[in-house]
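Hi,

Here is the structure I promised to pass on. Have a look at it first, and my notes on what turned up follow below.

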Amino acid sequence: MWQENIYTYEPLTEQEAADKEVVTRAMQIFDDVLTRGNKVAHFTCSGFIMNPARTHVLMIHHNIYNAWGWTGGHADGESDFLAVAKREIVEETGVADVNVLSEQIVSLDVLPVHGH
């Protein structure tokens, strides 16, 4: 269950611990964090793509922020976060043959989107 994966996730930094508190509190307050219908807090999932030798990273250009970053997008009601991350990889890069290094959450962040 996706909630259990978040509650049991062990933060690696103080910032990530603080972000986990925000995320879990949002889960307790709202019943729609998996959808964009929640205008306060909703979940997205990302993929960090490397070549097999792990010497290169595939990045995408984010038009809203005018910055390079990793792939990712809204959960849109989907509770399988790995499936969301893989869907976004295909949608944003066209790369369909993805070998997953971990099926666990590897990072938990609050990313504010101001004025969007």
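The side chains of aspartate 76 and arginine 36 meet in a salt bridge, with N and O 2.8 Å apart; the term means a side-chain nitrogen of Lys or Arg within 4 Å of a carboxyl oxygen of Asp or Glu. This pair ties together distant parts of the chain, 40 residues apart. Aspartate 76 sits in the loop between strand S6 (71-74) and helix H3 (81-93), while arginine 36 is in the loop between helix H2 (14-29) and strand S1 (44-47). (Helices, H or I with at least four residues, and strands, E with at least two, are DSSP runs numbered from the N terminus.) Both partners are partly exposed, aspartate 76 with a relative accessible area of 43% and arginine 36 with 42%. Here buried means under 20% relative accessible area, exposed over 50%, and partly exposed in between (1.4 Å probe, protein chains only).

Before I go on, a word on the source: this is a predicted model, so local features need pLDDT of at least 70 and side-chain atom pairs count only at pLDDT 80 or more, while totals for chains, interfaces and linings use all residues. Residues are numbered from 1 along each chain as its sequence is written, and side-chain values use heavy atoms, leaving out hydrogens and water.

How many salt bridges does a search of the whole structure find? It finds three. Apart from the pair above, there is a network that links Arg87, Glu88 and Glu91. Arginine 87 pairs with glutamate 88, where the closest N and O atoms are 3.1 Å apart, and with glutamate 91 at 3.7 Å, N to O. Arginine 87 and glutamate 91 are four residues apart in helix H3, so about one helical turn separates them.

Cheers
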